[in-house]
Amino acid sequence: MIGRYFLLCAAVPLAAPALSSVPAFAQQYAVSGTIALGGSGAWDYLTADSDGRRLYVSHTSEVNVADLDSVKPVGTMSGFGYVHGILVVRPTLGFISDGLKNEVAVFDPMTLKIRQKIATEAEANSLAYDAGTERLFVGERPLKSLAVISAATMKVESSIPLDGTPRYQAADGKGSIYVVLDDRSEMVRIDAKTMQVESTWPMAPCRGPVGLAYAAAARRLYAPCGNRMMAVVDADSGKVVATPAIGARPDATAYDDARRLAFSSNDDGTLTIVADRGGDKYEVIQNVETEKGARTMALDEKTHAAYLSGAQLGPPPAATPENPKPTGHPTSLPGTFHVIVVKPAD
C-alpha cells in the first residue's frame, strides 16, 4: 500500500457452510468520538491488538499507540522512514514495515522497544503472519514479491515471486496465505510451509482489489475493490460468490466473526458495513459517515468498534522547482491528525 496523504497479502471447491441468520444485534454504528494525536504527515495502516488492548497507528515516520479502553494515547515508536503496517503476533512480539528504509522492525508490544531491524529487497509494505510456521509474509512493492521472515531466527528465509504487485495479504490460520494483486485484479494462495504459490484466481468483476479480510467460520475472503464493490471470495475454490456495493476509493477492510459483518473504509468519507446473511447472501446494512480521506481502518474484536485514521485536509501541494509534479493528494493540516472511533449502537 502506498502512502496516503503527504506533508504530513488446485483445491476441491467446498459448499458454503450452513450459517444461521446474523445474530440479533442492533447492527447500527455511529461515530462516537476521536483520539487526538496531533502532528502532521501521512498515514497508512493501523492495527487493533484486542488482547493487549492497544491501538497502533502508522503516522509517517512513527507509530502512535493508544489504549483501547481509555481511548487515550499511551506512547510512540519513532525513528522510521515511512511506516506502512504494524502487526502484533503475540504479547511480546510485533512487526512494523518501513517502506522508505526497506526493512521490517521487530518490537516488544509490552515495552514499545525496538529489538532489531531486518532488511528487505524493496519497499516493505503489507504484513501477514502464519502461526503454524512462525513466518511473517511481507509484501514488497514494486518488486512484485513477498519476503518471508522467520520469527524464530529473525532472518529472511525466502522471496516469493508474484505475477503482480501485492497490495494486501491475509492468513487463514490453517497454513494458507492469500494475497490480492491490485494491478492484475487477481488473488493468489500461498502454502506457508512450502512458500510456493498454489493457486491464482481472477477476481472479475472486481477491479483493483486493495484490502483483504478472512472469515474463519464461512471460509470467505473479503476484498474491497476500486470499482466500488466488495468481492466475497470462496477461500477454497477462489470463486467470487458476491459483490456488494461499497463507497468510492476504498482501502482497508475488516471482518467481525462474532457479528458476521464486513467493513470497508472508503476515501469518500464512508464506512460501508456488509452483513453475511448466510448461504452467500450479503446485505449492505449501513454507510456510516466518517471523514473524507479516512480510508484505513482497524477493528477491535472485543468491543466491535472500528478505528479510522484521519485529519483535517487542505489542498494538494503546489508545484515547485524542486518538486514540479507533486502528489495530487490533499495535505494534512498541522496538528489535526486523529483517529475516528466508530462504535455499534447496541
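Colleague: How many nonpolar, polar and charged residues are in the lining of the largest pocket?

Modeller: The lining has 30 nonpolar, 9 polar and 9 charged residues. Ala, Val, Leu, Ile, Met, Phe, Trp, Tyr, Cys and Pro count as nonpolar, Asp, Glu, Lys and Arg as charged, and the others, Gly among them, as polar. One caution: this is a predicted model, where local features need pLDDT of at least 70, side-chain atom pairs count only at pLDDT 80 or more, and totals for chains, interfaces and linings use all residues. Residues are numbered from 1 along each chain as its sequence is written, and side-chain values use heavy atoms, with hydrogens and water left out.

Colleague: How much space lies in the largest pocket?

Modeller: First, the term. A pocket is an open set of points on a 1 Å grid over the protein atoms alone, where a 1.4 Å probe fits, with protein on both sides within 12 Å along at least five of seven lines. Its volume is the space filled by probe spheres set on the points, which are joined across faces, edges and corners. Here the largest pocket holds about 1400 Å³. It is lined by 48 residues, and T47, A48, L87, V88 and E301 are the closest to its centre. A lining residue has an atom within 4 Å of a point.

Colleague: Which strand gives the largest share of that lining?

Modeller: β6 does, with 6 residues. Strands are DSSP runs of E, at least two residues long, numbered from the N terminus. Other strands that supply at least two lining residues include β2 (46-49), β3 (54-59) and β22 (250-256).

Colleague: Is β6 mostly covered or mostly open?

Modeller: β6 is mostly covered, as 6 of its 8 residues are buried. Buried means under 20% relative accessible area, exposed over 50%, and partly exposed in between, with a 1.4 Å probe and protein chains only.

Colleague: Which strand pairs with β6?

Modeller: Strands of a sheet pair through backbone hydrogen bonds, either parallel or antiparallel. Two strands count as paired if DSSP finds at least two bridges between them. β6 pairs with β7 (residues 93-98) in the antiparallel sense, over 5 bridges. The two form a hairpin with 2 residues between them. Within the pair, V83 stands opposite D98.

Colleague: What is the strand order in the open sheet?

Modeller: The order is β2-β3-β4-β5, with antiparallel pairing. β2 and β5 (72-77) stand at the edges with a single partner strand each, so one side of each has no neighbour in the sheet. Inside the sheet, 6 bridges join β3 to β4 (residues 62-67). Y56 stands opposite V65 in β4.

Colleague: How many salt bridges are there?

Modeller: Side chains of opposite charge can pair when their charged atoms come close. The rule asks for a side-chain nitrogen of Lys or Arg within 4 Å of a carboxyl oxygen of Asp or Glu. By this rule there are 19. Take R219 and D172, with N to O at 3.3 Å. They sit in two loops, 47 residues apart. Both are buried.

Methods. Helix = DSSP H or I, 4+ residues; strand = E, 2+ residues; numbered from the N terminus.
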